[in-house]
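Please read them with the structure open.

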Amino acid sequence: MCGIIGVENNENASVLASAGLLTLQHRGEESAGITVSGKEKMKTFKSMGLVSRIFNDEILLNKLPGTAAIGHVRYTTSSKSSLINAQPFQINCIHGNISVAHNGNITNFPQIKEMLLKKGAIFNHTSDTEILLHLIAMSKGSLANIVANSMRKLEGAFSLVILKDRTLIGARDENGFRPLVLGKIANSYIISSESSAVEVIGGKYIRDIKPGEIIMIENGRIKKSFLYKKPKKQNTCIFEQVYFSRSDSIVFGQTVKEARVKMGEYLAQQMKNIKADIVMPVPDTGYFAALGFSRASNILFENGFVRNHYVGRSFIKPSQTLRDLTASLKLRPIKEVVYGKEIVLIDDSIVRGTTSKRLINILKEVGVKKIHFALSCPPIISSCYYGIDTPSKEHLIAANNSIEEMRKYLSVDSLTFLTLDNLVKACSFSSKKDDVFCAACFTGKYPTKISKNTYKEDC
Ligand code: AMP
């Protein structure tokens, strides 16, 4: 998964981009980068690690002067995790300097790469995003045509920000798998993966970039906005609401917090026969679902974990001792809250099952009496090809075990998954049809053609 941001027509473009990236940090902790243009020659600075460690005042103010900027944070668990794949990717081609930052997964990457290699293209990265740069460099016509023609050749998931001189471009694939929003701060437009990044830097969310839309912005004005491909059907990723996006973001037109509260309310309906002393979340994503559950069930909401915010998602465990301590280091149960209690424990999802198993063990160590474990999504049975870094099927616990087998493995008194119907209801505005989401991770039904040649890389 990744997070992207673009800022234009602003003297503080790089500072705002870095603040935006800090807000999108949950979408990727592996590397971060910013490209600037509009003042001096286009420049990119990127490095491995967290945004706050990479971008200090010296770098932002002295090394990255510009009136337009794009930025990227990257997350992957793959072995291809290295600086070479950190984005944005800046190139110099027949059209001048162009830089691109991408969130998603281009599923026909191997086929296009093969075609480009035969034409003599040279590849520097192992990332799918690089093919877009080649396609752009080989296209002819106006900037709008170059981008549109290149995007028409791609399949899969791609929310993009592109920078050329003072022009900021935002674009979304025809299915709209990954979010991308348009915002404004004074005379500057912002494009971002999530609305929270627009708001944190003092801007206002305007609207979503539409599936299939390319929007071109320059000097504080929208120069052009058009559909490069007419979408047949929107397929926005429902897992954004379950896990990935920040709770204060508006994703696909709905506040994530609101969706998560509703997930909890529906879970409470599904579990109306369960009696418990308290309901408590696994921080942070389980928080609002537990709140919704508590309101709907009248079971007391309690915070029974302390989370160590210094242990990030990409926490590296150099020794076995530290690996064994990971669960305890990240989350520690508060004994006084859980001791002797029958609890409803709410988390967002089970992927491999290892995190939940460890959490349940440490809750038992401090004397919890009974655990009813509830998840705010259905069992994950299929891998994602559209940019969520889910492991292959053999590592997905729900793909290989029944709910009863998982309950026994986790050693809990009951195990409940939110049904897909209820998840869709929780994430839908009443005016929307139910078919606007991609839920392939729960159903195995992919909205685009998937074969053994389909590319799946983590981004
Ligand atoms: P596990 O079942 O041990 O693989 O971990 C599941 C937990 O990891 C969930 O409760 C989420 O909080 C988190 N999670 C879910 N999906 C992802 C993902 N694609 N990348 C990283 N963490 C995830």
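Predicted model: local features only at pLDDT ≥ 70, side-chain atom pairs only at ≥ 80, totals over all residues.

1. Every value here is computed from it.

2. The protein chain holds 17 helices and 24 strands.

3. Extent. Taken along the principal axes, the C-alpha atoms fill a box of roughly 70 × 45 × 45 Å.

4. Burial and surface. Of the 459 residues, 58% count as buried. The accessible surface of the protein chain is about 19000 Å². Carbon and sulfur atoms account for 51% of that surface.

5. Contacts. Take the contacts between residues at least 6 apart in sequence. Of these, 69% join residues at least 24 apart.

6. Geometry of α13. Helix α13 covers residues 354–365, which is 12 residues. At 1.5 Å a residue, the helix should span 16 Å. The end C-alpha atoms of α13 are 17 Å apart, which agrees.

7. Buried face of α13. Which residues of α13 are buried? They are S356, L359, I360, I362 and L363. These residues cover an arc of only 165° around the axis, which puts them on the same side of α13. The background is simple: an α-helix has 3.6 residues a turn, so residues three or four places apart point the same way.

8. After α13. G367 follows the helix. The phi of G367 is positive, near 95°.

Note on methods:
Residues numbered from 1 in each chain as written. Heavy atoms only, no water. Helix = DSSP H or I, 4+ residues; strand = E, 2+ residues; numbered from the N terminus. Expected span 1.5 Å × (residues − 1). Buried < 20%, exposed > 50% of the residue type's maximum accessible area, 1.4 Å probe, protein only. Arc of directions from axis to C-beta. Contact = heavy atoms within 4.5 Å. Areas by Shrake-Rupley, 256 points an atom, 1.4 Å probe, with all protein chains shown as cover.
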